[in-house]
Amino acid sequence: MPSGYNVRSRARERNSVLSRPEFMSLNQQPPRAGTSGASNSGGPGPSESRGSGKRPGQMKHQTSQSTEEPTDNGSKDRRESSKMPEEDCMQLNPSFKGIAINSLLAIDICLSKRLGVCASTSSSWGGCRSMVALLSLTGHGITWIIGTIVCLTRSNTLAGQEVLVNLLLALFLDVMTVAGVQRLIKRRGPWEMTAGFLDCVAMDTYSFPAAHASRAAMVSKFLLSHLVLAVPLRILLVLWAFLVGMSRVLLGKHHLTDMVCGFALGMLHFSLMESVWLSSSTCQTLISISTFSWSPFF
């Protein structure tokens with residue numbers, strides 16, 4: 001007969017909560033690695049039966065690949081992030097000054113593209129392109145330099161030669177200064193057009209600042225200050241300077257800000273030339289040196 005201790009232990013097992021079927025999984029030990037598919041009876045489980053076709057070497061190789069892939073991807077991402085250019089990086093806290101400048105540049109580019117109505121023959125004002133190009137040619141540096149030299153050779157007065165020599169020096173100063181600033185900034189036009197032959201000769205290959213606008217502003221201010229003109233002619237001279245600068249925008253060569261900065265630079269050139277104005281005797285010396293035996297008063 002069973003002892004009383006065995007009877008009491010069996011009664012406690014029957015009354016235990018963990019012996020119930022719904023709590024049997026809590027009472028079982030977790031399977032060890034490599035024997036996860038084994039059941040209590042020692043037979044293979046479902047997971048082991050599905051993967052029984054794989055060899056241990058293949059499983060080890062797959063495990064090593066799965067552990068190496070995240071590290072390789074992480075190092076690749078770090079290398080790509082280190083090679084990422086600065087312009088592709090997003091600024092999380094941009095300054096107010098940077099936002100304002102970028103907004104103004106975007107507005108400038110948008111308006112300049114819309115105003116380029118004569119940029120090509122297929123544009124909305126393509127039929128007026130030749131007329132606008134002719135107006136633009138009146139403000140070209142080569143045109144004014146050649147015209148000033150021709151007038152200087154035909155001038156017979158000391159006052160006229162003094163004005164023409166200073167105008168010629170102002171034109172050279174304008175061409176060299178604008179060419180230097182354009183080479184320094186290297187801003188392209190709104191329509192990315194190739195420069196023509198005359199533009200390459202005058203070193204007017206970039207957009208900022210507008211060379212025609214600078215030259216027109218300087219020449220108009222120079223003539224208004226040193227020539228006695230009637231009021232209608234003075235108004236036409238100012239209107240001509242504005243239309244020359246605007247013609248380059250219509251042709252798609254320059255932005256609006258290029259034209260405005262060109263006007264400002266032309267006024268600066270005029271002020272600089274007025275401060276270093278050459279006297280009549282100095283101009284006569286320069287003429288005699290440049291022509292050797294030429295004397296306009298014989």
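Reader: Which residue does Arg-248 form a salt bridge with?
Author: Arg-248 pairs with Asp-204, and their closest N and O atoms are 3.7 Å apart. Keep in mind that this is a predicted model.

Reader: Where do the two partners, Arg-248 and Asp-204, lie?
Author: Arg-248 is in helix H11 and Asp-204 is in the loop between H9 and H10, so the bridge ties together parts that are 44 residues apart in sequence.

Reader: And is Arg-248 buried or exposed?
Author: Arg-248 is buried, because its relative accessible area is 5%, under the 20% limit for that class. Asp-204 also counts as buried, at 5% relative accessibility.

Reader: How many salt bridges does the structure hold?
Author: There are four. One of them joins Asp-174 and Arg-215, with 3.4 Å between the closest N and O atoms. That pair links distant parts of the chain, since Asp-174 sits in helix H8 and Arg-215 in helix H10, 41 residues apart. Asp-174 is buried, and Arg-215 is too.

Reader: What about Arg-187, which residue does it form a salt bridge with?
Author: Arg-187 bridges to Asp-258, the closest N and O atoms being 2.9 Å apart. Here Arg-187 comes from the loop between H8 and H9 and Asp-258 from helix H12, 71 residues apart. Both Arg-187 and Asp-258 are buried.

Reader: Which residues do salt bridges with shared partners join into one network?
Author: Asp-108, Arg-187 and Asp-258. As a general point, side chains of opposite charge can pair when their charged atoms come close.

Reader: Nice. Switching to His-255: where does it lie?
Author: His-255 is in the loop between H11 and H12.

Reader: Why does His-255 count as buried?
Author: His-255 counts as buried because its relative accessible area is 3%, and the class takes in anything under 20%.

Reader: So what does His-255 touch?
Author: Leaving out residues up to four places away in sequence, the contacts of His-255 include Asp-108, Ile-109, Ser-112, Arg-187, Arg-188 and Gly-189. Pro-190, Ser-207 and Val-249 are also among them. With Ser-207 there is a side-chain polar contact of 3.4 Å. Two of those neighbours, Asp-108 and Arg-187, came up already as members of the salt-bridge network.

Reader: Where does Leu-137 lie?
Author: Leu-137 is in helix H6. Leu-137 is partly exposed, because its relative accessible area is 36%, between the 20% and 50% limits.

Reader: Then Ile-235: buried or exposed?
Author: Ile-235 is exposed, because its relative accessible area of 53% is over 50%. Ile-235 belongs to helix H11. From Leu-224, Ile-235 is 11 residues away in sequence and 9.9 Å away in space, C-alpha to C-alpha.

Reader: Let me zoom out. How many helices and strands does the chain have?
Author: It has 13 helices and zero strands. Buried residues make up 30% of the 298 residues.

Reader: What is the accessible surface of the chain?
Author: About 20,100 Å², with 64% of it belonging to carbon and sulfur atoms. As for contacts with a separation of 6 or more, 70% are between residues 24 or more positions apart.

Reader: Great, thanks!

Note on methods:
Residues are numbered from 1 along each chain as its sequence is written. This is a predicted model: local features need pLDDT of at least 70, side-chain atom pairs count only at pLDDT 80 or more; totals for chains, interfaces and linings use all residues. Side-chain values use heavy atoms; hydrogens and water are left out. Helices (H or I, at least four residues) and strands (E, at least two) are DSSP runs, numbered from the N terminus. Buried means under 20% relative accessible area, exposed over 50%, partly exposed in between (1.4 Å probe, protein chains only). A polar contact is a pair of N or O atoms within 3.5 Å; within protein, one must be able to donate a hydrogen and the other to accept it, and residues adjacent in sequence count only if both atoms are side-chain atoms. Contact means heavy atoms within 4.5 Å. A salt bridge is a side-chain nitrogen of Lys or Arg within 4 Å of a carboxyl oxygen of Asp or Glu. Accessible areas come from the Shrake-Rupley method with a 1.4 Å probe; for residues, only the protein chains shown count as cover.
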